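Here are some notes to read alongside the model, for someone meeting it for the first time.

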Amino acid sequence: MKYRFLSTAVIASLGFYACTTKPTNTVQTGGGADTVTVTVATEVVKQRFPANVSAPAMTAANKTLWSKYCVGTPDSTDSPKPKYANKDVAAAAAKLSKVAPISFYYYSGPLNAYGLKKGQEAVLTGAPAGTTDMAHNFLSLLCGEFRDRATMIEAKIKWVNTINKLAVADNPKPFDLKKSIWSQITASQYNPYLVISQQLFLRKREDLAAAGNRHMKLNNSQVVEPIDTPVNGQTVCETNFIFSELIKKGQTTLTAAQWPEYKTKYAAFAAKCSANDKNYIYAFRGDSNFKPNSPESNGMIWHSSSVTNNCQTTTKAKTNENVNKLTTDQDCANYFRAPFFSRMNAARSGLATWMMRDPKHDRVFSNSSSPMFVIATPQLKAGPLEFKFSQAPGEKLADFMPINWAAPDLGFNAAAAGSQDFIYSRIRDGVNRHTDWYASGYYDEAVVPRKMGDREISQYKTEAYSPFVASSYVMAASDEFTSPGVTVSSQSDGRKHWMFVFKVHKDNWYTPESVKAGVPVDFNKHWFDETSFGTNSLADKERAWDRLGSPAETAYTTLLTLADLQQAANGLSVQAKWWMTASRFRLHQRKAVTSTKIHRNNY
């Protein structure tokens with residue numbers, strides 16, 4: 001598991017390739033306005049989708065909702081501002097202003113284009129007293145980067161307002177199960193929950209094995225490897241039980257000896273839970289920093305970087321040919337008018353290259369250890385979306401099955417033609433490439449190679465491309481990603497930072513059992529169970545679900561901040577001062593805001 005178009009009138013064009021060596025040949029494809037010059041290791045064949053892809057016109061409903069939270073013109077490329085007169089926006093600003101700068105990360109391209117790196121933005125725009133620049137920039141970027149998806153702005157502002165900095169001192173009162181359990185837990189209850197949730201997964205898997213159901217078979221299948229029977233996730237009801245009936249009463253483990261009593265007590269508890277609480281499953285994502293994009297796949301983020309890093313403003317491209325060789329003024333305007341659509345469309349493009357390849361390429365693609373660069377050329381010119389691949393010298397990877405771009409499944413279900421083996425193996429290969437993405441690299445042809453002394457520094461990133469974003473459905477598997485430096489080289493303060501909590505309806509959890517039951521794939525809503533589909537050690541370890549691009553608005557549940565876990569463990573004073581004063585924010589501000597390192601969450 002990894003942590004890791006365009007305007008209302010302009011049709012997006014995005015080229016993808018894959019190769020094992022640095023490109024050596026220049027090839028020109030297309031003609032007229034659709035001509036694209038590309039550099040690849042081997043011959044490239046252009047695949048065109050049957051339908052054009054363009055950003056839909058902004059709806060009146062989106063404009064109205066955007067204006068509820070933001071100031072400016074929604075259907076434009078203007079640099080927007082937060083609407084602090086809105087009480088939810090003001091409350092979010094107050095919450096974010098208590099968070100240390102080291103706990104934020106902002107991508108430099110949009111930050112520069114929106115003019116948010118000048119310093120003193122909060123003061124200059126009349127934000128409420130005490131609002132930090134980090135908080136103001138977060139909300140400004142949220143208004144800009146989601147201007148064409150205002151429902152996401154609303155969801156994330158509500159998400160921010162759920163922030164619970166886990167207190168050191170325990171609350172002696174019983175949990176109020178009519179409220180979110182996550183708003184009530186304390187730092188001392190966090191580690192016992194990690195232990196119990198991990199052991200709960202193991203106990204459930206042991207029960208499957210004892211019943212002879214550790215592995216499963218598909219219908220009329222030729223799959224030879226053992227297919228894991230999915231382990232049921234932890235529902236809202238079961239989570240409430242763990243905290244209120246176990247951890248609150250001092251239990252810190254769930255051993256095999258404790259398991260029978262657990263099942264008996266939980267059955268009685270669950271009988272009183274609502275249907276909703278039994279239908280939703282929690283998923284978790286640890287992170288060392290928080291950003292308006294949290295969380296989006298690299299398939300979204302790296303497309304954004306490809307465009308915005310070459311934009312001087314939202315409408316003006318950089319003109320230095322030693323820096324920018326592809327991006328135009330129109331490209332910048334296209335992105336900033338419909339940024340969410342642009343990013344998600346790019347991720348769908350990447351997913352289509354993975355899922356809709358011609359079957360003759362299965363052997364080379366299914367080996368996730370085989371190096372494969374995804375080379376993205378974000379030329380945002382009018383014309384159909386394009387895909388072009390090559391896998392290895394002398395071997396083309398450029399043929400695709402029929403793609404229905406407008407469909408939620410991209411034509412995947414029709415391509416499967418009822419074959420459960422096809423569905424299973426394609427999803428298996430996709431989640432394997434995601435979780436073991438160290439051989440799935442990325443190259444941005446929009447960036448000019450640079451010199452360092454006598455050496456040319458390649459713009460290749462030799463790993464970490466995926467259209468998927470992931471979360472663990474066992475919190476313990478995601479906890480290691482909460483500390484800075486674990487997955488990305490960054491400043492560390494010796495603390496854990498963020499745990500994102502999501503809530504997913506069980507019908508949107510797609511497993512091998514879903515394949516066997518004949519459930520059609522829907523890439524717009526399904527979370528694919530990496531744990532049961534995946535066949536490598538990382539898939540088993542990280543207990544992940546993988547979803548295209550970004551969670552839906554309804555999934556965002558709670559944000560936990562973990563800075564005082566150590567104090568809870570060793571009894572030190574609550575005066576950790578993690579939620580700092582404004583003066584301390586200013587001390588760290590420049591380094592935190594101006595970082596240009598790529599944020600690559602290994603998750």
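1. You'll find Glu-145 in helix H5; helices (H or I, at least four residues) and strands (E, at least two) are DSSP runs, numbered from the N terminus. Bear in mind that this is a predicted model, where local features need pLDDT of at least 70 and side-chain atom pairs count only at pLDDT 80 or more, while totals for chains, interfaces and linings use all residues. Residues are numbered from 1 along each chain as its sequence is written, and side-chain values use heavy atoms, leaving out hydrogens and water.

2. Who are the neighbours of Glu-145? Leaving aside residues up to four places away in sequence, Glu-145 touches Pro-110, Tyr-114, Ser-304, Tyr-335, Phe-336, Pro-339, Phe-340 and Arg-343 (contact means heavy atoms within 4.5 Å). With Tyr-335 there is also a side-chain polar contact of 2.6 Å. By polar contact I mean a pair of N or O atoms within 3.5 Å; within protein, one must be able to donate a hydrogen and the other to accept it, and residues adjacent in sequence count only if both atoms are side-chain atoms. Ala-338 is 193 residues away from Glu-145 along the chain, yet their C-alpha atoms are separated by 8.0 Å.

3. Now for helix H12, residues 329-337, whose buried residues are Asp-331, Cys-332, Ala-333, Asn-334, Tyr-335 and Phe-336. These pack against helices H3 (108-113), H5 (133-145), H11 (298-308) and H13 (339-355).

4. How do H12 and H13 meet? Their axes come within 5 Å and cross at roughly 100° (axes are lines fitted to C-alpha atoms, for helices over the stretch in contact, and angles run from 0 to 180 degrees between N-to-C directions). The two helices H12 and H13 are therefore roughly perpendicular, a label for angles of 65 to 115 degrees. Tyr-335, Phe-336 and Arg-337 of H12 meet Pro-339, Ser-342 and Arg-343 of H13.

5. Ser-342, in helix H13, is buried, at 0% relative accessibility. Its side chain makes a polar contact of 2.8 Å with that of His-303. His-303 is among the buried residues of H11, a helix that is mostly covered, with 11 of its 11 residues buried.

6. On to strand S10 (residues 280-287): seven of its eight residues are buried, so S10 is largely enclosed by the rest of the structure. Eight bridges join S10 to strand S20 (residues 498-505), and the two run antiparallel; strands pair if DSSP finds at least two bridges between them. Gly-286 stands opposite Met-499 in S20.

7. A few backbone spots deserve a look. In the loop between S10 and H11 sits Pro-295, and the peptide bond from Ser-294 to Pro-295 is cis, with omega near -20°. Asn-220 has a positive phi, near 50°, as does Arg-543, also near 50°. Most residues other than glycine have a negative phi, and most peptide bonds are trans. Is Asn-220 buried or exposed? Asn-220 is exposed, at 77% relative accessibility, whereas Arg-543 is buried, at 5%.

Notes. Buried means under 20% relative accessible area, exposed over 50%, partly exposed in between (1.4 Å probe, protein chains only). Angles under 35 degrees count as roughly parallel, over 145 as roughly antiparallel, 65 to 115 as roughly perpendicular and the rest as oblique.
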